[in-house]
Amino acid sequence: MIAMVQPSKQPTNYGALGTLVTVFFFWGFIAAGNSVFIPFCKHYFHLDQFQSQLIDFAFYTAYYVGALILFAYGAFGGKDLVGKWGYKRSIVYGLLFSAFGAAAMIFAVNANNFAGMLIGLFIVALGFSLQQTAAQPFAITLGDPATGTSRVNLGGGVNSFGTSIGPLVVALALFGSTAAITDEKIAALSLSKVIILYTCVGGLFLGAAALFYFSKKVPSGILLEKTEKANKALNTFLIMTVLLIALFIPVFNSYKTDLTNASVSEKHAMEAYRLYWLLGALAVVVLGLLISLSSAKRKPAGWGAMQYPQLILGMLGIFVYVGVEVAIGSNLGELLRQPAFGSHAASEATPYIGMYWGSLMIGRWTGAINAFNLSRNTKQLLQFIVPLVAFTILIIINSLAGYDMTPLYYYIVCVLIQIVAFFISNHKPARTLLIFSLLGVVAMVIGLLTTGKIAIYAFLSGGLMCSIMWPSIFSLSVAGLGKYTSQGSAFLITMILGGGILPPIQGKLADLVGIHFSYIVAVICFAYLAIFAVAVKGILKKQGIDYDAEIEGASH
């Protein structure tokens with residue numbers, strides 16, 4: 001049994017935490033803005049559904065590259081770069097890098113170059129990778145260790161608020177209105193509006209960097225501990241990276257292929273060609289991790305944090321979780337355009353997309369309740385009230401934007417189901433992950449077997465199920481790692497790569513078999529997360545860790 005940290009008297013630094021959560025807001029705001037940006041690029045550059053998903057591909061692949069660079073620096077230099085700079089400066093540098101990416105976006109848009117726009121988004125996300133690597137552990141250190149996960153949830157709640165209003169603000173910036181975004185307006189939209197949008201985004205990044213830099217409430221967070229070396233893990237990542245690059249090159253090159261006048265057989269051949277390369281990339285990640293698991297089990301020396309099976313399986317869990325969360329949302333707009341789902345125009349689809357990302361906010365706000373020093377009864381009461389308040393806020397925000405939200409009123413039934421799931425899970429990570437994963441499988445299967453409003457509600461509820469998975473997967477994966485905890489956290493961040501691989505795979509399936517059936521990808525992802533929840537609990541028990549019981553004891 002590992003020794004758990006006892007609840008400390010350390011008060012929460014709310015001033016620093018308040019400044020920190022602004023960064024969480026930016027991640028959500030920009031990521032969800034892609035949901036509106038994708039259909040615009042699809043029309044303007046004459047892209048198919050797969051090609052439009054390259055936006056997510058570029059954005060989320062950058063997280064992998066950024067985290068890998070930080071790990072390689074520590075492996076060769078012997079010191080953690082984020083620890084050397086300190087959490088504060090690392091976040092400032094990350095924001096400045098993202099501002100540089102926004103500038104690159106402006107140049108690419110001005111040149112009417114889609115590939116350049118992808119590079120710009122890649123640079124923005126590289127900055128996010130540095131920010132996230134610093135911000136996650138920083139939030140935990142700003143108060144009582146027993147409520148550290150809840151502070152991460154609080155940041156996630158603010159992040160989800162950004163995802164909720166992101167599509168509305170981006171739509172307003174691009175179209176001058178949130179309530180009348182028709183296909184005709186998309187066709188008439190000039191790239192100059194996109195330039196204005198990213199000029200404002202770059203300005204916000206610079207403003208946030210200044211806020212952090214000059215804030216006296218935010219501690220430096222410098223850590224000078226030596227990094228534990230893991231040469232075998234580094235070699236594995238390098239081999240995986242080389243293979244992924246080799247597989248991604250033909251994927252990127254294929255987007256330039258004009259299939260407008262191609263025959264049906266030629267289009268099918270190209271679609272299959274892309275899918276094979278993407279499935280190859282998926283195989284590299286999955287097989288790479290499973291081979292590492294087998295090798296580390298036989299001979300742990302040189303693997304560092306990856307000698308622990310809970311971490312490797314958790315890395316695959318993060319990969320799958322991020323992938324399914326992004327894939328559901330990014331393909332939702334195209335799904336809603338189909339006759340079986342209401343033939344919604346772009347203006348009609350936006351509130352549904354907003355509700356999906358808002359569903360993440362509902363769950364994360366509820367999960368953040370433990371971050372505050374409240375009585376058990378008060379927490380249970382808020383666990384019922386907060387989701388309903390969050391849902392009401394989403395309805396009000398979209399209604400004020402001019403949308404008809406009456407079709408989404410009955411979505412409150414899904415929120416009530418989530419509330420019941422929260423009470424049953426009782427804040428225990430393994431149980432929480434299992435319950436929400438199984439509900440995710442059920443929801444996606446219902447969505448696949450039905451059409452219309454029931455199917456739409458089912459797919460939207462995927463956001464409710466994803467909402468609290470990150471902290472659950474993260475905490476279970478690093479449990480018992482001891483001195484390797486920091487390194488294990490960096491490995492988990494690399495697996496945000498899932499958001500760059502799984503959405504394009506679903507997009508390609510959509511081109512081949514239809515957007516509706518493509519959501520089988522989500523079923524498989526949620527199924528793995530349920531398997532991980534069961535497996536990791538057994539793994540930890542073998543190591544003498546009853547994690548659920550210990551967390552329950554530390555949280556009261």
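A polar contact here is a pair of N or O atoms within 3.5 Å; within protein, one must be able to donate a hydrogen and the other to accept it, and residues adjacent in sequence count only if both atoms are side-chain atoms. The model is a predicted one, with pLDDT of at least 70 needed for local features and 80 or more for side-chain atom pairs, while totals for chains, interfaces and linings use all residues. Numbering runs from 1 along each chain as its sequence is written, and side-chain values use heavy atoms, with hydrogens and water left out.

On confidence, pLDDT being the predictor's own score for each residue from 0 to 100, the protein averages 81, and 84% of its residues reach 70 or more. Residues 1-8 fall below 50, yet this stretch has 15 contacts in the model beyond near neighbours in sequence (a contact being heavy atoms within 4.5 Å). Residues 550-556 are also below 50, with 14 contacts counted in that way.

Back to Asn 398, which sits in helix H14, residues 376-400. Helices are DSSP runs of H or I with at least four residues, numbered from the N terminus. With 3% relative accessibility, Asn 398 counts as buried; buried means under 20% relative accessible area, exposed over 50%, and partly exposed in between, using a 1.4 Å probe and protein chains only. Setting aside residues up to four places away in sequence, Asn 398 touches Leu 168, Pro 351, Tyr 403 and Met 405. Its C-alpha also lies 8.1 Å from that of Gly 354, 44 residues apart along the chain.

Ser 129 belongs to helix H6, residues 114-141, and is buried at 0% relative accessibility. The Ser 129 side chain reaches the backbone nitrogen of Ala 67 at 3.3 Å. Ala 67 turns up again among the contacts of Ser 129 beyond four places in sequence, together with Ala 62, Tyr 63 and Gly 66.

Two further helices can be checked against their expected span, which is 1.5 Å times one less than the number of residues. H17 (residues 452-466) covers 22 Å from first C-alpha to last with its 15 residues, close to the expected 21 Å. Since 13 of those 15 residues are buried, H17 is largely enclosed by the rest of the structure. H9 (residues 191-214) has 24 residues and reaches 35 Å, close to the expected 34 Å. The buried residues of H9 include Leu 191, Val 194, Tyr 198, Val 201, Phe 205 and Phe 212. An α-helix has 3.6 residues a turn, so residues three or four places apart point the same way.

Notes:
Helix = DSSP H or I, 4+ residues; strand = E, 2+ residues; numbered from the N terminus.
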